[in-house]
Structures are given as structure tokens and as C-alpha cells.
Amino acid sequence: MNAYDEYMQGIVKPMRSELTNAGFKELVTPEEVQDHMANAEGVSLIVINSVCGCAAGLARPAVISAVEELEVKPDNLVTVFAGQDQEATATMRGYFEEVPPSSPSIAIWKDDQLAYFIPREQIESNSMETIKDHLSGVLTQIVSS
């Protein structure tokens with residue numbers, strides 16, 4: 001590992017643990033992504049994490065708050081880290097090629113298909129509360145159906 005990679009691992013560690021401490025499983029290899037997508041049952045909430053400010057101040061807090069408040073939760077909470085685990089992120093994005101890549105972003109996967117997607121543009125232009133409420137409403141509808 002070179003000095004840059006070591007430095008970046010130290011920088012992103014708290015950004016990774018913010019989600020993993022909230023119950024998200026981090027998928028760091030293409031094989032982990034493929035295994036999850038092939039075997040996960042029910043609804044998967046997928047966060048494409050990022051180092052940007054809108055991930056730190058909006059996306060991660062909104063997702064964590066939404067999941068904590070839900071009465072009926074998604075069956076699976078997973079995350080990939082754009083810019084860090086590039087192959088895993090590219091593999092995950094391959095499952096929903098119909099939407100342009102963006103990070104951070106939030107995907108909801110159900111019945112082997114993309115049920116809903118929140119791109120970066122809808123994250124960075126809203127408040128954390130608005131994102132949380134939007135995600136909570138969508139998740140409640142999808143998980144309950």
C-alpha cells in the first residue's frame with residue numbers, strides 16, 4: 001500500500017464506520033456485491049457512500065435517521081464507497097445502469113430490480129430532514145407492499 005492509499009484509508013475510516021455502526025454491511029469487493037445481489041431476499045437499502053460534504057452532512061445522517069425511525073425496516077442495509085472501493089461500486093452500479101452514476105446516492109432494491117433511486121442532485125439540494133422524510137416515506141411504502 002502506498003502513502004496515498006494509507007492516508008485515504010485513515011481519512012475515510014470514520015465515514016465508513018458512520019454507516020457500519022448503524023447496521024450497514026459494507027461491500028468492498030465485486031464478489032461481495034454480486035453475492036449480496038444474488039442472495040439477498042426482501043428489500044435492500046443501498047447507500048453509495050462518498051467523501052463529499054453532502055454525504056457527511058446530508059446523506060449519511062438522513063439515511064441513519066430514516067432507518068432508526070422506521071417501524072418496518074428494510075431486510076438488508078448495505079453500502080459501497082465510491083472513490084475508495086471502485087470495483088465494488090462499479091459492480092453495484094451495474095445493477096441499475098438505467099440511472100447515471102452519482103455519489104452519494106441511495107438505492108432501494110426489491111424483487112431483483114431497482115425500486116427507487118435518490119441521486120446526488122436530490123440530496124445536495126435538500127435539507128437532511130427533507131431527505132430523511134422522503135426516504136422514510138418511500139421505504140415505508142416499498143417495505144410494506
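In this predicted model, helix α1 passes helix α3 in a left-handed crossing. The two helices, spanning residues 3-20 and 53-69 respectively, pack at an angle of about 20°, and their axes lie 10 Å apart. Because angles under 35 degrees count as roughly parallel, α1 is roughly parallel to α3. A second pairing joins helix α2 (residues 30-39) to helix α4 (residues 86-93), whose axes cross at roughly 30°. The structure holds zero disulfides.

**Packing of α1 with α3**

- On the α1 side, the contact is made by Met15, Glu18 and Leu19, and on the α3 side by Arg60, Pro61 and Ile64.
- Sorted by class, this contact of α1 with α3 comprises four nonpolar residues, two charged residues and no polar ones.
- Leu19, which lies in helix α1, counts as buried at 0% relative accessibility.
- Setting aside residues up to four places away in sequence, Leu19 touches Phe24, Val47, Asn49, Arg60, Ile64 and Thr79.
- Leu19 and Ala38 are 19 residues apart in sequence, and their C-alpha atoms are 22 Å apart in space.
- Gly53 is also found in helix α3, where it counts as exposed at 56% relative accessibility.
- Between Gly53 and Val33, which are 20 residues apart in sequence, the C-alpha to C-alpha distance is 25 Å.

**Packing of α2 with α4**

- The axes of α2 and α4 come within 7 Å.
- Their crossing angle of roughly 30° makes α2 roughly parallel to α4.
- From α2, the residues in contact are Pro30, Val33, Gln34 and Met37, which meet Glu87, Ala88, Thr91 and Met92 of α4.
- By class, the contact of α2 with α4 holds five nonpolar, two polar and one charged residues.

- Cys52 is buried, its relative accessible area being 15%.
- Cys54 is likewise buried, with a relative accessible area of 9%.

**Loop residues and their contacts**

- Ala22 has its place in the loop between α1 and β1 (25-26), and it is partly exposed, with a relative accessible area of 30%.
- Although Ala22 and Ile64 are 42 residues apart along the chain, their C-alpha atoms are separated by 6.5 Å.
- Ala22 touches Ile64 and Leu77 when residues up to four places away in sequence are not counted.
- Ile64 is also among the residues touched by Leu19, and it belongs to the α3 side of the contact with α1.
- Asp85 is found in the loop between β3 (76-81) and α4.
- With a relative accessible area of 12%, Asp85 is buried.
- Asp85 touches Arg16, Glu26 and Val28, again not counting residues up to four places away in sequence.

**Backbone geometry**

- The peptide bond running from Ser103 to Pro104 is cis, with omega near 0°.
- Pro104 lies in the loop between α4 and β4 (105-110).
- Asp111 has a positive phi of about 55°, although it is not a glycine.
- Asp111 lies in the loop between β4 and β5 (113-118) and is exposed, with a relative accessible area of 58%.
- Asp112 also has a positive phi, of about 60°, and it too is not a glycine.
- The loop between β4 and β5 holds Asp112 as well, and Asp112 is exposed at a relative accessible area of 61%.

Methods
Residues are numbered from 1 along each chain as its sequence is written. This is a predicted model: local features need pLDDT of at least 70, side-chain atom pairs count only at pLDDT 80 or more; totals for chains, interfaces and linings use all residues. Side-chain values use heavy atoms; hydrogens and water are left out. A disulfide is a pair of cysteine sulfur atoms within 2.5 Å. Buried means under 20% relative accessible area, exposed over 50%, partly exposed in between (1.4 Å probe, protein chains only). Axes are lines fitted to C-alpha atoms, for helices over the stretch in contact, and angles run from 0 to 180 degrees between N-to-C directions. Helices (H or I, at least four residues) and strands (E, at least two) are DSSP runs, numbered from the N terminus. Angles under 35 degrees count as roughly parallel, over 145 as roughly antiparallel, 65 to 115 as roughly perpendicular and the rest as oblique. A crossing is left-handed if the near helix is turned anticlockwise from the far one by less than a right angle, and right-handed if clockwise. Contact means heavy atoms within 4.5 Å. Ala, Val, Leu, Ile, Met, Phe, Trp, Tyr, Cys and Pro count as nonpolar, Asp, Glu, Lys and Arg as charged, and the others, Gly among them, as polar.
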